[in-house]
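Here is a short note for a colleague who is meeting this structure for the first time. The points below take up the sheet and then the aromatic rings.

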Amino acid sequence: MNKYTKDPDKIAALSSEEFYVTQQSGTERPGTGKLLNNKEPGIYVDIVSGEPLFASADKYESHCGWPSFTKPIEPAHVMEFHDRSHGMVRTETTCSGCGAHLGHVFPDGPAPTGDRYCINSACITLEER
């Protein structure tokens, strides 16, 4: 079984936007993410640890400006925390293996889960399978 952890070499290689999003809990501008309109099959993995997070089969168009998924591949791979920053109450998501900020989850998604995992493109990459 793989152990997914924060990789200092991968952190050093991050772009300024990727560092801002993953390490400083930032958010990319809506509609700008490289994976927003991606429809290729595969597994979306964390760019810092390589931990598998979301399947392309669970990606859908939510019209929110960020890639959206109905559920993680494995719930234990995505941690959820109350986020009261910026005058809002939300649920932040992070990678369980390395703590990288991913985005937020909202209870307004489609069936069967009713969840919308709103994830920054800057924190994931697609591994085609």
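1. In what order do the six strands of the open sheet lie? In this predicted model, the order is S3-S4-S8-S7-S6-S5, and the pairing is antiparallel. The edge strands are S3, at residues 59-60, and S5, at residues 78-83, each of which pairs on one side only.

2. Turning to the rings, the structure holds three aromatic pairs. One of them joins phenylalanine 54 and phenylalanine 69, whose rings are stacked, with 4.5 Å centre to centre and 20 degrees between the planes. This pair links distant parts of the chain, since phenylalanine 54 lies in strand S2 (residues 52-55) and phenylalanine 69 in strand S4 (residues 68-69), 15 residues apart. Both phenylalanine 54 and phenylalanine 69 are buried.

3. Phenylalanine 54 also forms an aromatic pair with tyrosine 117, and this one is tilted, with 5.7 Å centre to centre and 55 degrees between the planes. Here too distant parts of the chain are linked, with phenylalanine 54 in strand S2 and tyrosine 117 in strand S8 (residues 116-119), 63 residues apart. Tyrosine 117 is buried, as is phenylalanine 54.

4. Which residues do the ring pairs link into a cluster? The cluster consists of Tyr44, Phe54, Phe69 and Tyr117.

Key:
Residues numbered from 1 in each chain as written. Predicted model: local features only at pLDDT ≥ 70, side-chain atom pairs only at ≥ 80, totals over all residues. Heavy atoms only, no water. Pairing = 2+ DSSP bridges. Helix = DSSP H or I, 4+ residues; strand = E, 2+ residues; numbered from the N terminus. Phe/Tyr/Trp six-rings, centres within 6.5 Å; stacked < 30°, edge-to-face > 60°. Buried < 20%, exposed > 50% of the residue type's maximum accessible area, 1.4 Å probe, protein only.
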